[in-house]
Amino acid sequence: MKKYSLILAILMVLSFVLSACGGAGQTADSKTPSEPTKAPEISEELGNELSSFSSDVIDPDLTCTITLGNWPPDTAAASELALFEGYKATMEKQYPNVTLVPDYYSYSLSNYVPMAKGGTAPNIFQPPFTDPQLLISQNLVGDVTDALAEIGVLEKFSPSYVEMLADKNGRIYGLPRDGYVLGMHINIELFREAGLIDEEGLPIYPKTLQELAEYGQIIREKTGKAGLVFPASETYGGWLFTNIAWNFGCVGESALEYQDETGRWVCNFTSPECVAAMEYMRDLRWKYNILNADATTTDWAGAHSELGTGEAAMNFAADDSVDQPTSNKGLPIEDFALIPFPAGPEGRYALAGGTCYMFSPDITPDQARALMAYLKILGKLPFLDDDIVAGMRADYAAKKDRGAPVLPAISAWNDEEYNATKRAIIDEYCNVDMRLYNDFFDSVSEGTITLKAEEPVFAQQLYRELTAVIQRVITREGADINKALKEAQESFQEYLDDEINS
Amino acid sequence: MKKISIHKGRGKRTEAFKSWLIMLPGLVLMTFFVWEPLLESVRMSLYKTENVELVEFIGLKNFISVIGKTNFTQALINTFSYTFWSLIIGFLLPIVLAMLIGETVRGKGFFRTAAYLPNMLPGLAVIILWSAFFSGGESGVLNILLSKIGIPKQTYLTEANLVIPIIITVATWKGAGATALIYMAAMASVNTELYEAAAIDGANVWQRVIHILLPSIKKLAGTLLILQIISVFQIMYEPMVLTKGGPDNASLSLMQLMWQYAFGGSMDYGKASAVAVIVTAILLVMTAIYSYFNRKESDWD
Amino acid sequence: MAKKRLQHTGVIRDYDMHSLPVRIGYAFIYVLCFIMVIFAVFPLIWVILAGFKDLKEFMSSTKIMPNAFNFGLFLKTWSQLDLAKNYLNSLISVAGSVVCALIFNGLLGYGLSILKPRGYKLVKRLVMLSLLVPATISIVPLFMNIQRLGMGNSFLPLWLSYGANAMYVVLFIQFFESLPQSMIEASRIDGCTPIQTFFHIVLPLSKPICAVVAIFAINAAWSDFLLPYLVLRGGPLQTVMVRLFVFSTEQTVNADTMMRSVVFSMIPPIILFILFQKQLTENSVSVGIKG
């Protein structure tokens, strides 16, 4: 009897243990820092604009089924779902024998691979620009070159995108969805409170990283809030740090990673430039003390929350996430500004990236055709007809509707007419004081800031290593920066040797 | 009875067949959900993997590579640190709670209910809830409470020395009450006449606790101890959600390391499986040591 | 019902209460017990209070109490996230899981404890050994198996996974072994087949253990999120906990909405707890003691 009760007791405990350990998070997932961008939304009164989509049958013979992984999640606003239902209805009218199956899918490298192997991946999905080359090299995505050539947009690809979305033979496996450039989000309310405002009411913002530290200090002293929110968790910290490091001179011969003359990938975190950049991180915490309280557990959304609710004045973030602090977290649109990434002592770079559309490896030529037709309806191809203009209008009107800034977008297509028309429509719906954004867009278009893509190989792992160093530096006063960087370098080098140098 | 015994031999065989047939669905499920995947992961640990395909048998290379990295050493030390702190924070508390609640007369059911409540809550919800408690800003719950007694705001989840004790505290909050009920059941099975007899012999309350109550749960405590160690050794999603393993890997656990290899972007299922096999091996060794001592003790009895 | 005089049943006996130090100590026990109650309940109360704060207040307020008790926020979260659908999904998932947990583990336990066909010991040992292996360790190959069989985006693998729970099997084994073997033997002699014996003799005697396993399974299936996440993956069948997990990893909802989702995810377990607290805090433990 006693033995029985003992065993039962054990089992009871085990049940607690198991129920506690039975599940596990996917927090450590390979979610790339590349900003997740939201699909366009639309409000219901804009339905009439949508109805202008042509309903003429274009190709009654195209017969296939496509699963749509770019469908919005069920958490999306009803209006957003309505927009996609509209796209679907249009497609079904134009191609009566194509069946569209909504299949919302939140892409991550780790969840995609087994799906692609198991044949359950949606026919179209949206990875960030860090992943296409890996997916292409592993034969995990479908070729759409012929379908693109058929509709004549192959040559309009901007060359940098061709490089990202094609294999060595020039076959195309993806299309750009949108791009972003890293800059800085500003909470003007806190700048105003700290007196950092000019006679026109515009924020006096930091042009250099040094000024960033000093202004941050003023803001902390005057308002008691954090000058800068720095999401130093997982890969985010390292991601932002690479941009800081570039501006401290970690490019060219001092690059964080490069291929030596033998073709071997080498990483270099111990250059004087990188050390200086890390010392800057140290000073942000220990000298100027401008970072938010829980930097090492703050993630991308958390950083936007801090800025949006007035807990922090500045946040390194991109032009495609301006809706986050504003319409999403509640910062009034007139209290928000987007500025260029501050220059460092050795340079002025801004990280550029984006999201693309890719396709499951098993698509048939007919499916590829249908998918291109679908993307055309979505307005993601450089075509200008009434439908697409209507779609754009609907998109921007919806943004304006919910109080998100309507801003010029950085185009992924080399098509002047297309880009000009798009810009004209945006101007029409613009709901912000462009003076709060001009410096950012001018710096990109005038080339006063150099756009730079993410580090070429195993960026996620590199970010992870650097994040760990940042965490050590900002949580332990007097941490040995050289030693920490050296350890991270050895660890990442070992990783590179394992993965590509062998 | 005689009738049956005539056909016993044959009946037994069909009966055995039928018995296996009854167990078959359960066995198939156990194989599919538990045994086969387990063997598969052992096999995977010996292969170079590309995504989920086994590319090449590489012997122990995954193990060598995994063990050689600094984050493995760190995770191993952390995992033992988790275990250490769980013994400090989580082992005695349920015993004390059981003793306290066991002595109450009025409201015993109420106390028991309150103690068990946290255990019913979904683990993920509990972790998310506690993350707000330990937020380092002025709006963090702990900071609000401390400010009431005049202590300035602190940070918690960014302190390398604090994260492990904090995570263990959260896990203890969830589980201690339920464990206490198990101890209570064992304590309640003590023959109360023993207390009476001891009292007549002049033993005071404290002496009765030491000489009668505690010995009565000794064996149970030993068992629960090893189970606790085993469970804490597998800690994973608590640090994943609370600290993401940080700062600077200060709360990274072995299982979390496994998760990082598999789903952290590198998709190295071979190395992930190697970590899994190492964890399993450590757990088996611990269990073996326990049952060895346990058997010895039983013999002694 | 006559009111019983409450008696001390622990180490402290009635006559000890004549001594002042013991009485002080006894009062102290109550103080500690109440502190424990506060510790156990406060976080729960706090999260409900936090649910009444909007994002700005949640991020900035230095008060425990919300500025206003605006139930509209809860309603908004409920409808905005369409949680009713997830609740229904969770319910279906839990129901199937409990059925599978009882039937498959029960039958396997029956075979290993009463029928004991030749070779059962090996299986029993395997089951015992599986207790020690954390489920997460083999999640990758398991997920692959499920995908290969085309069972993704369906409740079926989740239900069936509860039919392969070593702990429940062992619980059944322990209980069945404690049943009076003479009754089972008698039914066998009466010519019952093993399966008849199970349904006519064993099952009616096994209500306590079935209740325990059912409650465990309900709670575990409700709280589970790893395998459900991999299997249901953002599709229409997502459960409440899968949604919560998606929120915490994919950063699609704000912190205040997250707290309200946490509250919603706790409601069913709390209801279960209120309904079955006696079974949970007394019977499930004493099931073993009495056996």
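Q: What makes residues 14–50 and 75–290 two domains of chain C in this predicted model?
A: In this predicted model, the domain assignment of chain C gives residues 14–50 as domain 1 and residues 75–290 as domain 2, and the C-alpha centres of these two domains of chain C lie 35 Å apart.

Q: How is chain A divided into domains, and where do the centres of these domains lie?
A: Domain 1 of chain A takes residues 44–180 + 353–436, while domain 2 of chain A takes 181–352 + 439–501; taken over C-alpha atoms, the centres of the two domains of chain A are separated by 30 Å.

Q: What makes residues of domain 1 and domain 2 of chain A count as being in contact, and how many are there?
A: Contact requires C-beta atoms, placed from the backbone, within 7 Å, and 17 residues of domain 1 of chain A are in contact with 20 residues of domain 2 of chain A. On the domain 1 side, strand 4 (residues 174–187) of chain A gives the largest share, three residues, and the residues of that side divide into eight nonpolar, five polar and four charged.

Q: Which element of chain B gives the most to the side that touches chain C?
A: The contact takes 82 residues from chain B and 83 residues from chain C, and helix 2 (residues 8–44) of chain B gives the most to the chain B side, with 21 residues. By class, that side of chain B has 58 nonpolar, 15 polar and nine charged residues.

Notes: Residues numbered from 1 in each chain as written. Chains lettered and ligands numbered in written order. Predicted model: local features only at pLDDT ≥ 70, side-chain atom pairs only at ≥ 80, totals over all residues. Domains from an automatic or database assignment. Contact = placed C-beta atoms within 7 Å. Helix = DSSP H or I, 4+ residues; strand = E, 2+ residues; numbered from the N terminus. Nonpolar A, V, L, I, M, F, W, Y, C, P; charged D, E, K, R; others polar.
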